[in-house]
Amino acid sequence: MNLRLVTCFFALILPFQLSASYDPDLLEGLKARNIGPAAVGGRITAIDAVNSNPDHIVIGTATGGAWISDNGGLTWEPVFDDQPVASIGSVAINQQNPDIIWIGTGEGNVRNSTSIGDGMFKSVDGGKTWQRAGLQGTERIRRIALHPDNPEIAYAAALGTLWGENSERGIYKTTDGGASWTKILYTDEKTGGTDVKIDPFNPQKIYASLWQHRRWPWHFKSGGPDSAMYISWDGGATWTQKTQEDGLPEGELGRITFSPSPARKDRVYALVEAEKSAMLRSDDGGRSWMKVNQDTNIANRPFYYNEVLADPQDANTVYNIFTFLSVSIDGGRTFETNPVINCCAASNTVHIDNHALWINPEDSSHLIIGNDGGIAISHDRGATWRFVRNLPLSQFYHVAVDNADPYNVYGGLQDNGSWRGPAEVRDNAGIRNLHWQEVGFGDGFDTLADPENPRRGYSMSQTGFLYNWNLDTGEGRLIRPSPPQPGVELRFNWDSALAQDPFDAATIYYGSQFVHKSTNRGLSWTTISPDLTSNDPERQTYKESGGLTPDVSGAENNTTLTVIAPSPVEQGLIWAGSDDGRIHVTRDGGENWTRIDERARGVAAGAWVQFIAASPHQAGTAFIAIDDHRRSDMTAYFYKVEDYGRRWTRLGEDLPGYALSILQDHEDPDLLFAGTEFGLHFSTDGGASWSAFRAGVPTVSVMDMAIQQRENDLVLGTHGRGIFVIDDYSALRALDESTLEKRLAWNLRADGVRGMPGPEPADPGADLPSGPRVVAGNYTVTMTLGEGDGAASDSMEVTVVADARTGVSMADRSANFAASLEVQELQTQAVEAVERIIEARKDLDVIDQMMARRSSDGADAEDESIKALEEQSGELRESLNELEKKFRTPPGTKGSVYSDHTVSSQIGMAAFYVASTLQAPSPTALGYIDNAKQVTNSAVSEVDTFFVEQVAPFRTAVEEAEITLLSASQ
């Protein structure tokens, strides 16, 4: 049986348009479920723990919010899901009062796919609730430094905007717990605060650094004349800049980070990016510096990882945290790389690309490291590590589904390959990490299954490396297109455009600056378009990207195609978009292309085309997401394009976060889904109004979406929290506010039987528990509101689909269901019998109290009839107790007693036999059912006889003795 929850919405009053301000709790019946994977993690940006209780850990993630563990990293809870952003730059725990936690939002590892922040947040109850604590507009808070004695004083290093210039950057200080901030170190709109540390021996002494940097869609530059190192001896009131005369590297500087040693006064380490980067050390508190290490790659990618951390117990031990983790035990002069932190080495499980390291100040053998693959914990100075496998922080760029049953989900992850996993499993334990398979290496992007065989398909890694994978053969064949002619250099985006032809399973499309087409699954290619980009040479500086430290990874490749979208309703119709704002359409399979982006209104020319969804209803219609955040415009630009690009309509202008993905439902053309950097939104009126979908979906980047049309499932690929599935969202079709408030969820089971009475009174209005699964077929679900003439009702037809794996005939399924109902009837009889026993016992309690009152009055003190009744009451109570034991072990029974003989146990065995299969009951099962009937009938008969032969005469005697609640005088 397909055990999917059916959620039905009923229209009982006249509909009206859905308001964007409806209560999101009304969608809890459609709550999304997370399916992982946690086999690999996502980027960790910050780690802190409570010094006096190092099992209490707080981590910040690049795009997955903040998480807390209270048991040393065994289990974790997300604590930031309801906040406006999910990108964390820094975390800091007040060690004097660990309930006070500070979070600076906005990641400081400024790669091309980094998200954005929204200021400082603070919790005073251990992360249960959060309040804003200022610094909105800073976009990225890289570091927080808390005063060790005064909880009102804190410092923040604000990087500022990455893709533009702003004045809300620099080093800030608060003296009132975040109510207000003062900018205490600033040079210009191009230079941000990248580090701030408090000297462990003098809280008035502050180390800080400013970093001049800028990213463009096509270029990155680290370094400039305003990058500098500063020291303050008066809590930031005045600053002294350190220069090459003090021992710093010559020339312009880039990113700088510090680590004052808690083990030795005046020992400070600094990692400085320069033309010749260096590990510096000061033994006089920063007044002078010596270059202790200038190896070529001592700072190999400072824009992405620039961390140094002194051992809290050994002044000569210092860690360099970069692609790998290296440690020096001679004061920074030489470093040895940790061999275990290398995901590419055999048998290793800990990722590379490290961003955060925490060292237990009381035990420096206890380490926690965070990197692009999650976190790992060591208790032996890094000799061995435990990788945390239950943090679903995967950063998907794309998501896709196949048509298997159950269907599979595919997607590519930032720096963690391409993966395939099931949307559901028909196992008791649900989806686990072991169900996910890696099908491609590198940074993963579009990952597609072959429409004719989901055991094979396509995966892509950065800068256009396209592969054909096959799970049966283990092959990963490179199929990247070659240039159409000698001398032509293909330009592939970091995240290139890939599409499957809807009409031919062997045909795929791939994008460089051209659209390439293969009709044999990538074995050979033809170029079917001219250059569809601007081909602007000013946007083609990616070969020199990096600034002081070259970083030509392909992340800045530009003037490339980013999306190709063939129409599912008109063969030969293809839409294509580029990272420099060009959008083209062809209706003849690539013979002729028409540019249409000039008709877009409201967005600046040249903005990145992020997503195109060709309409499944009308050939000339498409939905387009344009993302201009790479030029510091965080507005959401969604468009509906009609008549093959001649008419453009802006959608969702007020949606929070920049535009990432948009889809149209395949049945209801007015039902739209939009993914932004800050979550999922939907519209039921074609985009005229929008509502946030918060049922199970955190405020996280919804980078891509896919619809599994057979199941009506919406699958979300989030960049930070893995995959979410909204099962059977069809109830959203034609939804309005009136129907939203009247909904019914059915779990495909018949009503069960109320449970045996317990020590607490039962709720007479409670729903019955679930009973057996219904057989496949058509059902009418009816909802009625009110009673009598004022009642309103509505009905709808639903179809329950059989589980195709079992091969069980309808006759057998029906026989199984009938047997389940037969056993349920026995359960009903048993429950009713025990309820009679319980009620009789309650009546005896009342009668005993009334007889006791009569005796205490003195008038009937010597009445032998009352004494006889009291004795008879006690005998009846003992008999009731013995009768109850025939049905069950009474509540409150001491220890574990033998109960297999009870009616409940016998019925339970029969029910277990029947429910363990969908087949018709076996002869053995029928035997258990017959046995349950016999013991149930016998016990119920005893109860009936008892009430006739013993309870009835007692009731008569009580009445004759005139034992009542009210005396004659009353």
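Two strands pair if DSSP finds at least two bridges between them; strands (E, at least two residues) are DSSP runs, numbered from the N terminus. The model here is predicted, so to speak of local features a pLDDT of at least 70 is needed, while side-chain atom pairs count only at pLDDT 80 or more and totals for chains, interfaces and linings use all residues. Residues are numbered from 1 along each chain as its sequence is written, and side-chain values use heavy atoms, with hydrogens and water left out.

**Exercise 1.** Find the order of the strands in the open sheet that contains β7, and name its edge strands.

*Solution.* 
- Step 1: Four strands make up this open sheet, in the order β7-β8-β9-β10, with antiparallel pairing.
- Step 2: β7 (88–93) and β10 (131–132) each pair on one side only, which makes them the edge strands.
- Step 3: Now look at β7 and β8 (residues 101–105): they run antiparallel and are joined by five bridges.

**Exercise 2.** Describe the strand partners of β25 and say whether its two faces are buried or exposed.

*Solution.* 
- Step 1: β25 is joined to β24 (residues 307–310) by four bridges, and the two run antiparallel. Here Ala-310 has Val-318 as its bridge partner.
- Step 2: β25 also pairs with β26 (residues 325–328), again antiparallel, over four bridges. In this pair, Tyr-319 stands opposite Val-327.
- Step 3: Follow the chain from β25 to β26, and you pass through a hairpin of three residues.
- Step 4: Check the faces of β25 (residues 318–321): Val-318 and Asn-320 lie on one side, Tyr-319 and Ile-321 on the other, and all are buried (under 20% relative accessible area; exposed is over 50%, partly exposed in between; 1.4 Å probe, protein chains only).
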